[in-house]
Amino acid sequence: PSVVNLRSIVNGGEAAGTGIIISSSGLVLTNNHVIASSTQLEAELNGNGDYHDVKVLGYDIEHDIALVQIQDASGLNAASLGDSSSVQPGDAIVALGNAGGKGGDPTVVSGTVTATGQQITAADQDGSHAETLRNLVQIDANIQPGDSGGPLVDADGDVVGVNAAASSG
């Protein structure tokens, strides 16, 4: 219940991502690249087609993170936040998201932490919008486009990271 599907209108088309509810008043953490260039942003609550407008409160391009506010929403279930510095290779994890931008209930994939402190250069599928991301947790779970901004959860059910990029190679 702490995961929302995000839908944005960009350059006449649509894009999708995921967000993590961090307060009952509708504060949501997501990736900057999910909200970047968006002319309209909406959040689907409870995977049931209940969409609400979203306002961008702030973002950090270098760390690919953004904070948004779901409009006209209250009493939401905030995620339990853990400590990402405690994550170690071999730890079991679960990644949740909006795989394929299909909406509805979050997709769930499990795996393990394979490394910490990683650095990658991520880009759109066509090679545009390249950015270098640092101090990442690398996992072997199969996240998909649309999962960006979704929670990476530890064995205790605490959010210890935000899905940011997947490797195609």
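In which strand is Asn-135 found? Asn-135 sits in β9, residues 131-139. The model is predicted: local features need pLDDT of at least 70, side-chain atom pairs count only at pLDDT 80 or more, and totals for chains, interfaces and linings use all residues. Numbering runs from 1 along each chain as its sequence is written, and side-chain values use heavy atoms, without hydrogens and water.

**View A. Asn-135 has a positive phi, near 55°.** Asn-135 is not glycine. Its strand is a DSSP run (E, at least two residues), numbered from the N terminus. Asn-135 is exposed, at 66% relative accessible area (exposed is over 50%, buried under 20%, partly exposed in between; 1.4 Å probe, protein chains only).

**View B. Asp-64 has a positive phi, near 50°.** Asp-64 lies in the loop between β5 and β6 (65-70). Asp-64 is buried, with a relative accessible area of 2%.

**View C. Val-56 in strand β5 (residues 50-60).** Val-56 counts as partly exposed because its relative accessibility is 34%.

**View D. The second largest pocket, about 150 Å³ in volume.** A pocket is an open set of points on a 1 Å grid over the protein atoms alone, with protein on both sides within 12 Å along at least five of seven lines. Its volume is the space filled by probe spheres set on the points, which are joined across faces, edges and corners. Lining residues, with an atom within 4 Å of a point, include Pro-1, Ile-20, Leu-96 and Val-159.

Terms used: Helix = DSSP H or I, 4+ residues; strand = E, 2+ residues; numbered from the N terminus. 1 Å grid on protein atoms, 1.4 Å probe; cavity = no way out; pocket = protein on both sides within 12 Å on 5 of 7 lines; lining within 4 Å.
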